Amino acid sequence: MLLKKECAKMRKVGLLLMTWMLLLTVLPIGMALGAGTPSFTAEPNISQVKVGENVTITIQGHNVTDLYGYEVVLTYDAARLEFNKDQSNGSFEGYKVVKNTGNQITFALTKVGKVAGESGDLSMCTLSFKAIQSGSANVSLQKMTTVTSQLLPAVWQVSHQASIQIDAKTTNPGPGGGGGGGGGTTPTKEDPTLYVPKESEMRIEGGGTSVTAVIDRERLTQKLADLHTSTSMDHPVLNFDIPGTRASNAVELPLDILRNSLKDNQGTILTIRTHLGTYDLPLSILNQVGTDAGSDASATLIIRIDKAKSQHELQFDQSITENGMKRVSDIIDYKIILKSKDKEEEIHNFGNTFVTRVIQLDSVIQDPSKATAVVYDPITGEMQFVPSVFTTKNGKTEVTIIRNTNSMYAIVQNKKSFDDMIGHWAQKDVEELASKMIINGTTDHTYTPEMQVTRAQFAALLVRGLGLPTETTPSSFTDVAATVWYASEVGTAAKYGLVEGVGEGRFNPDAQITREQMVVMMMKAIGLVQGTSAFNAASTNTSFADQDLVSDYARSAVANAVGKGLVQGKTETTFAPQDVATRAEAAVIIKRVLQYVNLINK
């Protein structure tokens with residue numbers, strides 16, 4: 001009899017949960033529950049623990065009315081925290097469902113029967129975690145679904161984060177202090193790849209909106225030494241974790257310590273990790289910095305990751321709107337500053353070094369071909385494509401940005417199509433590059449795919465595709481006037497070694513580019529990004545019947561490009577090296593180059 005009653009009860013609960021789901025598909029998101037607007041937060045019972053200790057996160061509801069049931073969705077740092085399902089409970093009696101998938105927890109609780117809901121400021125549930133690794137761990141409340149006693153649901157998008165500092169575990173001395181029995185304190189060995197700033201190193205400013213981790217000289221020296229002795233990697237990474245959810249985040253490092261470490265390992269990378277994303281800075285950029293600041297013992301290197309200030313954000317948003325795009329991320333401003341006694345100097349350009357950053361989105365980008373990172377220059381008001389790769393993890397998208405300069409970046413969605421590309425063999429490639437602002441149409445609605453491409457046009461496409469900052473200095477070529485539209489692109493391509501002249505100081509910009517010339521430029525672009533020669537100079541032969549028509553200067557480039565599958569013949573047996581390239585062919589080549597060096601999704 002008891003079993004039958006329990007089964008009947010569970011059937012009612014199942015019917016209730018199904019009703020919730022049906023209602024959520026037809027009722028508006030975010031509808032109010034009653035007077036006032038509810039809000040929800042995730043509050044830790046303690047902000048600092050040791051490895052092995054527990055921490056409790058309480059989900060608080062504020063100004064809640066008639067709460068009969070709810071569903072909490074949050075994410076957590078699974079590398080540093082272990083979720084304890086059995087010790088996690090709701091605040092009232094009812095039917096509970098808990099689901100833990102990777103680093104995401106869904107906690108649902110509903111009352112059963114015809115009873116009133118809860119109102120006011122409530123502690124809705126407590127979620128228990130165990131600290132398992134030192135560092136800064138975040139628990140982020142993402143979404144709250146609430147249901148009233150009348151089964152009226154509302155979905156609330158929440159962005160609240162709790163930060164917990166986890167210290168390495170130590171063994172406490174036994175009775176009588178360190179004598180007898182070997183009961184002395186033995187610190188757990190720290191992770192040589194992780195630097196967690198101590199509270200004494202944290203400088204909070206701007207009414208709590210800005211944090212700077214002023215890194216201790218002795219700790220950094222030891223940490224870098226441990227890093228280099230613990231690994232044989234060519235590019236060892238030292239991670240700096242900045243806790244909290246502040247708008248401005250910075251790490252200030254003693255410059256002389258970094259320079260000394262650079263002597264031991266040129267490949268060291270400093271990674272700054274914040275709630276806004278990450279920044280991988282190769283220590284080798286110090287080789288490009290002048291020696292004046294290096295003679296100042298107090299000189300520091302400051303790495304900043306900030307949300308853009310309101311004025312610049314408005315300008316950036318206006319530019320995005322004017323271009324018919326939609327912004328789907330915060331606007332993040334990255335800066336590297338060299339600070340000495342006398343001055344502060346911002347380092348904008350890293351030369352041939354491409355630096356990686358990651359921006360984390362709260363949503364999922366379903367089609368990366370219709371989205372991209374863009375950079376904005378507040379002085380010129382110009383916006384352009386930035387190489388970016390989209391990866392979805394645990395229900396969110398991370399965007400990896402690769403560029404050799406600092407600036408303000410944002411992620412946008414954009415869709416571009418052309419009437420004359422419908423059904424064309426290159427339609428997908430052309431429309432993807434147009435959506436990413438790499439190529440333009442001949443008009444708003446036409447691309448003219450069979451039009452032939454000039455040397456200047458292809459150089460401009462390469463510069464845009466690599467996201468290179470354009471030069472404003474006069475071109476070194478006598479036949480490239482400073483007033484022509486391609487002057488800065490050709491000058492930039494020449495600076496980075498992507499193009500060469502045709503002799504006597506001329507570039508011949510308006511000449512139609514041949515297939516072999518295009519291949520030479522593309523292979524130089526690959527070499528620039530990879531930091532090495534993109535092809536084996538000894539390889540000069542292909543299987544094409546007309547390989548003898550390939551010019552001597554282009555033989556290695558063509559042979560290696562064909563071998564890597566980056567270019568194909570005009571037919572199965574001919575390469576046609578002297579044929580001129582079309583706009584459709586140029587778009588396909590640019591896309592293959594960017595995919596090959598991992599600057600866009602494959």
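These are my notebook entries on what I looked up in this predicted model.

**Entry 1: the whole chain**

I began with the overall counts. The protein chain has 602 residues, and 48% of them count as buried. The accessible surface comes to about 28,500 Å², with 50% of it belonging to carbon and sulfur atoms.

**Entry 2: two sheets**

A reminder to myself: strands of a sheet pair through backbone hydrogen bonds, either parallel or antiparallel.

I looked up an open sheet of six strands, and its order is 2-10-9-4-7-6, with mixed pairing. Which strands stand at the edges? They are strand 2 (48-50) and strand 6 (95-101); each has a single partner strand, so one side of each is left without a neighbour in the sheet. On average, neighbouring strands here are turned by 25° against each other, direction ignored. Inside this sheet I followed strand 4 (residues 69-76) and strand 9 (residues 135-147), which run antiparallel and are joined by eight bridges. To see one of these pairings, I picked E71, and its bridge partner in strand 9 is T145.

Then I turned to an open sheet of four strands, with the order 1-3-8-5 and antiparallel pairing. The twist averages 25° from one strand to the next. Strand 5 pairs with strand 8 (residues 118-131) over six bridges, and I noted that E82 has K130 as its bridge partner in strand 8.

**Entry 3: the nonpolar cores**

Nonpolar side chains tend to be buried together in soluble globular proteins, and I wanted to find where that shows up here.

The largest nonpolar core has 76 residues, and those touching the most other members are F316, I439, F458, L466, L498 and V519. Which element gives the largest share of this core? It is helix 8, with 10 residues. I zoomed in on I439: leaving out residues up to four places away in sequence, it touches V430, L433, A434, Y447, L461, R464 and A587. Another core lies apart from this one, with 49 residues, among them I257, I332, I359 and I365.

**Entry 4: helix 9**

Is helix 9 (residues 555-563) mostly covered or mostly open? Mostly covered, I found, as seven of its nine residues are buried. These include R555, S556 and N560. Helix 8 (515-530) is part of what covers them. Just after helix 9, G565 takes a positive phi of about 75°.

**Entry 5: salt bridges**

My search of the whole structure turned up 22 salt bridges. I looked at a few of them.

- E252 pairs with R203, with the closest N and O atoms 3.7 Å apart. E252 is in strand 17 and R203 in strand 14, so the pair ties together parts that are 49 residues apart in sequence. E252 is buried at 9% relative accessible area, while R203 is partly exposed at 34%.
- K335 and D333 meet at 4.0 Å, N to O. K335 is partly exposed, at 27%, and D333 is buried, at 15%.
- E398 pairs with K393, the closest N and O atoms being 3.7 Å apart. E398 is partly exposed at 23%, and K393 is partly exposed at 46%.

I also noted a network, in which salt bridges that share partners join D77, R80, D241 and R273.

Note on methods. Residues are numbered from 1 along each chain as its sequence is written. This is a predicted model: local features need pLDDT of at least 70, side-chain atom pairs count only at pLDDT 80 or more; totals for chains, interfaces and linings use all residues. Side-chain values use heavy atoms; hydrogens and water are left out. Two strands pair if DSSP finds at least two bridges between them. Helices (H or I, at least four residues) and strands (E, at least two) are DSSP runs, numbered from the N terminus. Axes are lines fitted to C-alpha atoms, for helices over the stretch in contact, and angles run from 0 to 180 degrees between N-to-C directions. Buried means under 20% relative accessible area, exposed over 50%, partly exposed in between (1.4 Å probe, protein chains only). Contact means heavy atoms within 4.5 Å. Accessible areas come from the Shrake-Rupley method with a 1.4 Å probe; for residues, only the protein chains shown count as cover. A nonpolar core is a set of buried Ala, Val, Leu, Ile, Met, Phe, Trp, Tyr and Cys residues joined through side-chain atoms within 4.5 Å. A salt bridge is a side-chain nitrogen of Lys or Arg within 4 Å of a carboxyl oxygen of Asp or Glu.
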